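Open the model in your viewer and keep the sequence panel beside it. The stops below go from salt bridges to the ligand.

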Amino acid sequence: MVAIVGAMAERTDVAIIGSGFSGICMAMLLKRAGRDDFVILEKADDVGGTWRDNTYPGCACDVPSHLYSLSFRLNPHWSRLFSGRDEIWDYLRSCVATYGLEPHLRLGARVTGARFDETAGRWGVDVAGAAGFDCRVLVSGVGALHEPHIPDLPGLSTFSGTVFHSASWRHACTLEGQRVAVIGTGASAAQLVPEIAPRVRQLDLYQRTAAWITPRSDVAIPARAQRLLARRPGVHRALRDAIYWALELRGLGFTLTPKAMRLRERQARRHLARQISDPELRSRLTPDYQMGCKRVLLSDDFYPSLLRDNVELVTDQITAVTPDGLRAGDGTERAADVIIVATGFDVSAGLTRMPVVGRNGQALTRAWSRDGVGAHLGITVAGFPNLFLLLGPNTGLGHQSVLFMIEAQARYVLQALDLLDETASDTIEVLADIQQRFVQRIQARLSTSVWQSGCRSWYQDANGRNIAIWPYATWRYWLQTRRLDPRDFRLTPSRHSVGQTAAMNPSRS
Ligand code: N01
């Protein structure tokens, strides 16, 4: 792996920002396609994205591992149905090793901005403390869940103990015998609370909104079954397909009609009733919004952990943090030595955190604040030639493996590269009306979906517009991205090719 040291701009065909699942999947597919001229720019000193950063106790994926892995690199040796973070990170790193991606990695390369040079038809990519990169195609794999959201709680800076975010776990901070306050009851808190509760003296869990929780039913995968999957790839694929369709079926409440959520809501209520017999506590743990509006959690040990003598669920809202603890709305101050902020991520940013400037000097932030955040198929944006977003707007999921989406997107990018080559074009840019039609269709569909049924979630921007979720079945996304339609794009001919002056789009130029 190459660390950034010099000050010479590097010229490359494709620059990928980020080495999480998106960036690594893109790089692997480039390799498979025989395209070797690319770099992966990673701000940290190792690959892995969210699976590198999140090291909190109990961190795991809530999508079964045989599906939460790449279709072209199956791993028969997952030790559990829902593998832990270490195993997933190892899997990603093994992808890097197996595909020989190390020479392409530029670790410690924090991208600070990118600008499209219309004369050259290329992107200039700025990197902190280095000369940057000059590429024909820029692929963003920056993801959404990596900038910790720290709530603006009055007095937080005056707290005399230790404060850290669940995604920046302070392993040096021993929790044994400490009084710990955990803020938030999302997916991260639901995983870490049961793990730390037995170790701490007192755990106060501050809940603002109760989450819908269904059973997780995790199981270990016996060595014999792992060997069978390794020997019989057909069986492994059948298992993967079965999980995929089971999740699609379970996701009908998201993708077909919110009414289909009722079955799962009943299951969640039964799960809560089975695990919490105290009606008062049960009532405080019962969500007051339609299931699915926020992410549904899977856990078998979260509720039982709240029954421990050293755990208290606090539902009065935090009004202040004092040097010694937290004060809640009822005036009670609870002492704490450590505050763990499990309040999620600042997702509104993504690629807009850095200035990305396309044609006519137009910044992506400006285009999106004018038209609303959106991209054709979540991948391409009008005015930004040769820029491709992985897990871009409205391609996140509430019911399936996002790796399914990432793979579809990376394959789509490959088709765009092939089209550029086949048509001897310098640039490819989605047509504004195509993008607009796509975004309108998605937003119309979302408006009657469960995600817009009245709750507030990180799927929405400041105006309540859902910018994160793909509202249909995922196979429909696969169908729509399977063949890139050249008529959706404007291609500009290569300035090196002779006699080509018109745009390449046959029907729309
Ligand atoms: O974050 P969240 P997360 N005062 O945003 C509360 C993925 N993930 O890190 O609901 C008090 O879901 C907030 O309350 P409310 C997954 O996609 C996946 O848990 O806004 N509380 C909520 O309870 C997930 O969706 C896995 O009212 C405040 C919590 O903090 C995403 O990461 C595992 C507050 C934040 O929940 C984020 O999950 C873990 C405030 N000021 C994470 N601000 C898998 O297994 C926020 N909250 C794949």
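Select E407 and R411: their side chains form a salt bridge, with the closest N and O atoms 3.0 Å apart. A salt bridge here is a side-chain nitrogen of Lys or Arg within 4 Å of a carboxyl oxygen of Asp or Glu. Both residues lie in helix 12 (residues 402–422), four residues apart, about one turn of the helix. E407 is buried at 6% relative accessibility, while R411 is partly exposed at 34%. Buried means under 20% relative accessible area, exposed over 50%, and partly exposed in between (1.4 Å probe, protein chains only).

This is a predicted model, in which local features need pLDDT of at least 70, side-chain atom pairs count only at pLDDT 80 or more, and totals for chains, interfaces and linings use all residues. Residues are numbered from 1 along each chain as its sequence is written, and side-chain values use heavy atoms, leaving out hydrogens and water.

Next, select R80 and D218, whose side chains meet in a salt bridge (2.8 Å, N to O). R80 sits in the loop between helix 2 (50–53) and helix 3 (85–98) and D218 in the loop between strand 11 (213–214) and helix 5 (223–231), so the pair ties together parts 138 residues apart in sequence. Helices (H or I, at least four residues) and strands (E, at least two) are DSSP runs, numbered from the N terminus.

Now select the ligand. A polar side-chain atom of T209 lies 2.4 Å from a ligand oxygen atom. At A60, a backbone N or O atom lies 2.8 Å from an oxygen atom of the ligand.

How values were computed: A polar contact is a pair of N or O atoms within 3.5 Å; within protein, one must be able to donate a hydrogen and the other to accept it, and residues adjacent in sequence count only if both atoms are side-chain atoms.
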